[in-house]
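Subject: Structure for you to look at

Hello,

The structure we talked about is below. Please open it first; my notes on what I found follow.

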Amino acid sequence: MEEDPEKRGSNKSNKGLLQTDELYQYILETSVYPREAEPLKELRDATAYHPRRLMGTAPDAGLLISLLLKLVDAKKTIEIGVFTGYSLLLTALSIPADGKVIAIDIDREAYEIGLPIIQRAGVEHKINFVEAPALLVLNKLLEEEESDKEDSFDYAYVDADKDNYKNYHEKLMKLVRVGGIIIYDNTLWGGTVALPESVIPEHRKYLREHIIEFNKLLSSDPRIQISQIPVGDGATICRRLY
């Protein structure tokens, strides 16, 4: 007999929105961990006991990011929100030797946890870490872009303050080239976007509202092709069309 969809949907997983913990673990052990680079494993382990460890990029999402970077031949990239640097290291490992990542975060402390691993991996030279509010940095980049129209970005990854996602989007749509990729993390917000507001914990309500509005914005934006996927805490992949 087929399982009741309502009961099936009530199952929780440790990381992501899959039906069961066992299914998610199967994906990790079968497809993700065998292909995860050793420096990434080391960084994931270094983050495991951090009080904000859930902010780290899920390793299955990391595998997808690496694939997308290769598909668009990314060389010049932006990362907004770094934390300990899992997705940053992943990007640095995936782009060419002369590729660059502008990594933006208001707090360098967490980045310092991953920095020794990044250095040992031999990719620190690809990274320009900027400790500053992202909107200020993006505005500066836009000023620089005006003087060199051909020097555009291939890829951007955003995992930062959710109430600024819409502002980041408008800036990135001017910085990322046509055909380039922008990924926004946490766009399913623990699954709460599909739940009635009455059952949402108070501490999740404010950003949930911003995520819901942002999802609507992306869905109605004709400048992009999108795919929202239940990997990690939900991610939306955008390809700039014009």
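Y111 sits in helix 6, which covers residues 109-120. The model is a predicted one, and the values here are computed from it. Y111 has a relative accessibility of 2%, and since buried means under 20%, this tyrosine counts as buried. Leaving out residues up to four places away in sequence, Y111 touches V82, F83, T84, L88, I118, I127 and F129. One of these, T84, is 27 residues from Y111 along the chain, yet the two C-alpha atoms are 4.3 Å apart.

Y111 also belongs to the largest nonpolar core, which has 36 residues. L88, Y111, Y155 and I183 have the most contacts inside that core. Helix 5, residues 86-94, gives the most to this core, with five residues. As a general point, nonpolar side chains in soluble globular proteins tend to be buried together.

What does I183 touch, leaving aside its neighbours within four places in sequence? The contacts of I183 are I65, L68, Y155, A156, Y157, V158, A235, T236 and I237. Two of those names, I65 and L68, are among the buried residues of helix 4.

On helix 4 itself: it has 13 residues and runs 19 Å from first C-alpha to last, close to the 18 Å expected at 1.5 Å a residue. Its buried residues are P59, D60, A61, G62, I65, S66, L68 and L69.

The loop between helix 3 (38-47) and helix 4 (59-71) holds H50. Is H50 buried or exposed? Its relative accessible area is 14%, so H50 is buried. A polar atom of the H50 side chain lies 2.9 Å from the backbone nitrogen of R52. H50 also touches F83 and I113, again not counting residues up to four places away in sequence. F83 is on the contact list of Y111 too.

The phi of D73 is near 50°. D73 has a relative accessibility of 63%; exposed means over 50%, so D73 counts as exposed. W189 has a positive phi of about 45° and lies in the loop between strand 5 (176-185) and helix 9 (202-219). At 13% relative accessibility, W189 counts as buried.

Now the chain as a whole. How many helices and strands are there in the protein chain? The chain has nine helices and seven strands. Its radius of gyration is 18 Å, close to the 18 Å that the globule rule gives for 242 residues, so the chain is as compact as a globular protein of that length. Along its principal axes the C-alpha trace spans about 60 × 40 × 30 Å. Of the 242 residues, 47% are buried. Among contacts between residues at least 6 apart in sequence, 66% join residues at least 24 apart. The chain exposes about 12,800 Å², and carbon and sulfur atoms supply 53% of that area.

Regards

Technical notes:
Residues are numbered from 1 along each chain as its sequence is written. This is a predicted model: local features need pLDDT of at least 70, side-chain atom pairs count only at pLDDT 80 or more; totals for chains, interfaces and linings use all residues. Side-chain values use heavy atoms; hydrogens and water are left out. Helices (H or I, at least four residues) and strands (E, at least two) are DSSP runs, numbered from the N terminus. Buried means under 20% relative accessible area, exposed over 50%, partly exposed in between (1.4 Å probe, protein chains only). A polar contact is a pair of N or O atoms within 3.5 Å; within protein, one must be able to donate a hydrogen and the other to accept it, and residues adjacent in sequence count only if both atoms are side-chain atoms. Contact means heavy atoms within 4.5 Å. The expected span of a helix is 1.5 Å times one less than its number of residues. The radius of gyration is taken over C-alpha atoms; the globule rule is 2.2 Å times the number of residues to the power 0.38. Accessible areas come from the Shrake-Rupley method with a 1.4 Å probe; for residues, only the protein chains shown count as cover. A nonpolar core is a set of buried Ala, Val, Leu, Ile, Met, Phe, Trp, Tyr and Cys residues joined through side-chain atoms within 4.5 Å.
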